[in-house]
Amino acid sequence: MPKTAIQAVGLSKWFGEGEARTDAVRDLSLEAYFGEMLYVVGPSGSGKTTMLSMISGILRPNAGTVKIEEREIWSLSNDELADFRLHKIGFVFQDYHLFPRLTTAENVAIPLILQNRDWDEAIKEAALNLEIVGLKSRTELPPVKLSGGEQQRVAIARAIVSRPDILILDEPTASLDGDTGRSIVGFVRAHILSEQRCIVIVTHDSRIYEFADRILKMEDGRIMAVERGELDAQ
Amino acid sequence: MPGILRIAFRLLVNDRAKFAALLVGITFAVFLMIEMTSLFSGILSRSSATVINIGASIWVMDPAVQTVANSIPLPDYVLDEVRSIPGVKYAVPLYSGAALLKLRDGTYQSASVLGLDDTSLFGRPMLVAGNIQDIFAENAFIAVKDSEFYKLQNPKIGTEFELNDHRGVIVGIAEVASSGLFGTPTLYTTYSRALQYIPNTRFTISYLLVEPKTAGDVASIKRQVANSGYLALTKDEFIEKIANFYKYQTGIGTNMLLMTLISFVIGLSISGQTFYTFILENLDKFGALKAIGAKGRELISMILFQATFVALTGYGIGVGLCSLLIWIARLYLPDYAAIITYVNLFLAFAMVTVIAAISSYVGVRKVLTIEPFDIFRG
């Protein structure tokens, strides 16, 4: 039995009050396991991003609990939660959100710098992680000088540099062409996923379903189906 | 430097266009603020030049006197009365007036003339050429080598001129601490010669210069002089009175204050707007930092550091530029009245601090309101 990385129970989130209330996520429960690459798919407005934000300690739910490695994250204070995210969770954002005025190495080193690691040591560690994602020769370049695929790899290097247990990828292929998207996710599957790490990916892109261990299909804030990988074959 | 501040520094300086705009805004504002206040300080300092140069502890005058240049003559008996006040060590008369000189080449030049007490020569300037005893010689005058000296055609000892059809001879060249405000050269002579050469009213004493026996006697001297219907002011009080006149009754102070405020508003507009744009452009990145695990106080420290760095750098460059301009101006314009005082520097620093505080407040508010969730939503 694989060890549980994330356990969400009865999660609900709504925005607005009264007649303006919109239920984004309704009584949702899920588990994600170490060594697993879990996809969350569904149409726009189905609550994927809201759910992702709640299980990663970014958006406080109106109801329900989230445990990561047996720890109830929403009982933590804001500072504790920020620390928890910094040490336990790596994020790859849809638009990468890299600082254009920093070098790629400096961008990658940010989580380590936030952990108060020595600057030179952090840059050295960042360079090693850029090497892992195949961008060894790009350490001194600003992100704007890189292609979309390379920027995505920089974002991945930033997400893994602090050795987080959980990796959250939000629409990792949205800005990439099909081949590049597949190669990036294939790379993540082959080199980043491990028995000690759980990867959760929110995506619309059916071309990368083949890399999933499980696929949660969301609609109207609920999980409608749990599939194994190879959903695209259906 | 902590890593988070190093990131803030690199984000700031690597955005060269905005960094330059921020620096220009602050530098320009500091330059204008210091220039304006320095000019005003220069004017105020020069307006009290006679008080500073004579150096008497207490000045007795008519209560209606507003500036040292516009004295109201005192009757002679006031001198005797003041000398009789207990606590007065000594009291001497001073003549302060203006005269029209006819120089060797026939040109006319107005000049300020100070007549020193014949017995003590109290308030005499420091001579750089000549002998002070020569002031008692026939037609003797001492010329002050200040920024107006050249208007006397750079006289030497022995240079002659005419003053109200009297012959005058330069017997000494002196230096003083401060040049006058009105652009006229200054001559020193004895009190009696000043009265003899320059047409006067019935009363002839411009000011009484008083030295108290002890500092504790000043209050009683002032009180007793007031009882006689006159005004006794310490040197600092007289300088302040003159400064207040120029500040509040001539419009110079108001105009300078307005210009300084306009400089402040310009600096605030340029820097505030640029800094706000800088924050807006990086807002999603700050949100990403928050999502990754940066705490609110770390983001605040980044913004405060950036604002402080820009403010201090701009302040330094602004002060340097202003000092350079004043130095160059003095090379070519000896009359240029501008003094950078600690008060000017502090005032400009305070205004720059306000600019940085307002700019960073706007930035901090914006950054603290961004939710990491917004980053996910795109």
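Helices (H or I, at least four residues) and strands (E, at least two) are DSSP runs, numbered from the N terminus. Axes are lines fitted to C-alpha atoms, for helices over the stretch in contact, and angles run from 0 to 180 degrees between N-to-C directions. The model is predicted: local features need pLDDT of at least 70, side-chain atom pairs count only at pLDDT 80 or more, and totals for chains, interfaces and linings use all residues. Residues are numbered from 1 along each chain as its sequence is written, while chains are lettered from A and ligands numbered from 1 in the order in which they are written.

**View 1. Helices α2 and α10 of chain B pack against each other.** Helix α2(B) spans residues 16–47, and α10(B) spans residues 296–332. Their axes lie 7 Å apart, at an angle of about 45°. That makes α2(B) oblique to α10(B), because angles under 35 degrees count as roughly parallel, over 145 as roughly antiparallel, 65 to 115 as roughly perpendicular and the rest as oblique. The crossing is right-handed; the near helix is then turned clockwise from the far one by less than a right angle, and anticlockwise in a left-handed crossing. From α2(B), the contact residues include B:L22, B:I26, B:V30 and B:E35. From α10(B), they include B:V310, B:G314, B:I317 and B:L321. Residues are in contact if their C-beta atoms, placed from the backbone, lie within 7 Å. The contact divides into 14 nonpolar, 5 polar and 1 charged. Ala, Val, Leu, Ile, Met, Phe, Trp, Tyr, Cys and Pro count as nonpolar, Asp, Glu, Lys and Arg as charged, and the others, Gly among them, as polar.

**View 2. Strand β6 of chain B pairs with β2(B) and with β7(B).** Two strands pair if DSSP finds at least two bridges between them. Strand β2(B), residues 88–102, meets β6(B) in the antiparallel sense over 2 bridges. B:E162 has B:R167 as its bridge partner in β7(B). The hairpin of β6(B) and β7(B) has 2 residues between the strands, and B:N164 takes a positive phi near 50°. B:F161 and B:L163 form the covered face of β6(B), whereas B:E160 and B:E162 form the uncovered one.

**View 3. An open sheet of 4 strands in chain A has antiparallel pairing.** The order is β2-β1-β4-β5. Strands β2 (22–33) and β5 (71–72) are the edges, each pairing on one side only. Strand β1(A), residues 4–15, is joined to β2(A) by 8 antiparallel bridges. A:K13 has A:V25 as its bridge partner. Helix α1(A) packs on the sheet and touches β1, β2 and β4 (63–68), its direction making about 125° with that of β1(A).

**View 4. An open sheet of 6 strands in chain A has mixed pairing.** The order is β6-β7-β8-β3-β9-β10. Strands β6 (89–92) and β10 (222–228) of chain A each have a single partner strand, so one side of each is left without a neighbour in the sheet. The twist averages 20° from one strand to the next. Strands β7 (166–170) and β8 (198–203) of chain A run parallel, joined by 5 bridges. A:L167 is partnered by A:I199 in β8(A).

**View 5. Chain A touches chain B.** The contact involves 27 residues of chain A and 23 residues of chain B. On the chain A side, α1 (48–55), α2 (78–88), α3 (104–114) and α4 (119–132) each supply at least two residues. That side divides into 15 nonpolar, 5 polar and 7 charged residues.

Note on methods
Two residues are in contact if their C-beta atoms, placed from the backbone, lie within 7 Å. A residue is buried if 20 or more other C-beta atoms lie within 10 Å of its own, exposed if 12 or fewer, and partly exposed in between; C-beta atoms are placed from the backbone.
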